[in-house]
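Hello,

Here is the structure I promised to pass on to you. Have a look at it first, and then read on for what turned up in it.

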Amino acid sequence: MPEGDTVWNTARVLDRALAGARLTGSDFRVPQLAATDLTGWTVRESASRGKHLLLRLTAPTAAQWTLHSHLRMDGAWRAYTPGERWTARPAHLIRVVLRSPGAVAVGYHLHELALVPTAEELSLVGHLGPDLLGPDWDADEAVRRLAAEPERTIGEALLDQRNLAGVGNLYKCEVLFLRGVSPWTPVGAVPDLPGTVALAQRLLAANRGRWTQSTTGVLRRGGTSYVYGRRAQPCRRCGTAIRKEELGDRVTYWCPVCQPDRS
């Protein structure tokens, strides 16, 4: 399940594989880009913005373009060496293939795939809040956006990418457990909203550069989270069974003892 750190890692993988390379071929398997040919285009860089991936390109005419993709819950990019077997996902999930002399980048189950002038990137990502892993991260602005809807549950507000970009369900659950806050607490009743935002940023930053996401400091399987994915298992703090319920359109995990309802 891609979250901000996963997309950041993916952008780095594509950057190492393609940055500076001139594409020798492309294959788009979505109707809106089916006739697009990027042969001869040069990859300038790969960047992330929340859960959005931005592959910036220079056309033979010197025009600057961006190939935008959203990973959502199930999208992925993989880089292979030429001739290497593509093993990440079934072939019918492939949405785009980019070829260069040294690497082949394959995008699986990508969403909102679009090619736009780089100057128009904001039309696709300008609605997002501050990026927790971006160079322009602004904690005060993230807090301001969250606080603008004080009656909304904090669980839903943290997932709203318009407030802060990069938090997914895993980090939502883990941050709220570590802060001792029920996911159903109204934003206006959260005791220390700046502290909650700061912790979210620290957790994502701590996992940047590795694929195993851990909020506990443990990397072995079964030990990486406090509550996420642990329904009915004992809380690592108090021993109470972890619960799982729907919150909005997503499920949430929490400890009813360590995270008392403040609503």
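Predicted model: local features only at pLDDT ≥ 70, side-chain atom pairs only at ≥ 80, totals over all residues.

Residues are numbered from 1 along each chain as its sequence is written, and side-chain values use heavy atoms, with hydrogens and water left out.

The first sheet

Strands here are DSSP runs of E with at least two residues, helices are runs of H or I with at least four, and both are numbered from the N terminus. Two strands pair if DSSP finds at least two bridges between them. Strands β2 and β3 are joined by seven bridges in the antiparallel sense. They make a hairpin with two residues between them, and Gly 50 in the turn has a positive phi of about 60°.

Both belong to an open sheet of four strands, in the order β2-β3-β4-β8 with antiparallel pairing. Its edges are β2 (42-49) and β8 (111-117); each has a single partner strand, so one side of each is left without a neighbour in the sheet. From one strand to the next, the twist averages 15°; axes are lines fitted to C-alpha atoms, for helices over the stretch in contact, and angles run from 0 to 180 degrees between N-to-C directions. Five bridges pair β4 (residues 64-70) with β8, again antiparallel, and Trp 65 has Pro 117 in β8 as its bridge partner.

The other sheet, and a helix

A further open sheet of four strands has the order β1-β6-β7-β5, with antiparallel pairing. Here β1 (25-28) and β5 (76-80) are the edge strands with a single partner each, so one side of each has no neighbour in the sheet. Strand β5 runs antiparallel to β7 (residues 104-108), with five bridges between them; Trp 77 is paired with Gly 107 in β7.

Helix α1 (residues 4-18) packs on this sheet, touching β5, β6 (94-99) and β7, and its direction makes about 30° with that of β5. Contact means heavy atoms within 4.5 Å. Helix α1 also lies across β2 and β3 (52-58), running at about 170° to β2.

Pockets and cavities

On a 1 Å grid over the protein atoms alone, a cavity is a set of points where a 1.4 Å probe fits but cannot get out, a pocket is an open set with protein on both sides within 12 Å along at least five of seven lines, and lining residues have an atom within 4 Å of a point. Grid points are joined across faces, edges and corners, and a volume is the space filled by probe spheres set on the points.

The largest pocket holds about 460 Å³ of space. Its lining has 19 residues, and Lys 51, His 70, Leu 159, Gln 161 and Arg 250 lie nearest its centre. The search of the whole structure found one cavity of 30 Å³ or more. Among the residues lining the largest cavity are Gly 4, Trp 8, Gly 50 and Leu 204.

From the record

UniProt places "domain: Formamidopyrimidine-DNA glycosylase catalytic" (unreviewed entry) at residues 2-102, a stretch that is 15% helix and 37% strand. UniProt also lists "domain: FPG-type" (unreviewed entry) at residues 226-260, where the chain is 0% helix and 29% strand. Such annotations may be inferred rather than shown by experiment.

Best wishes
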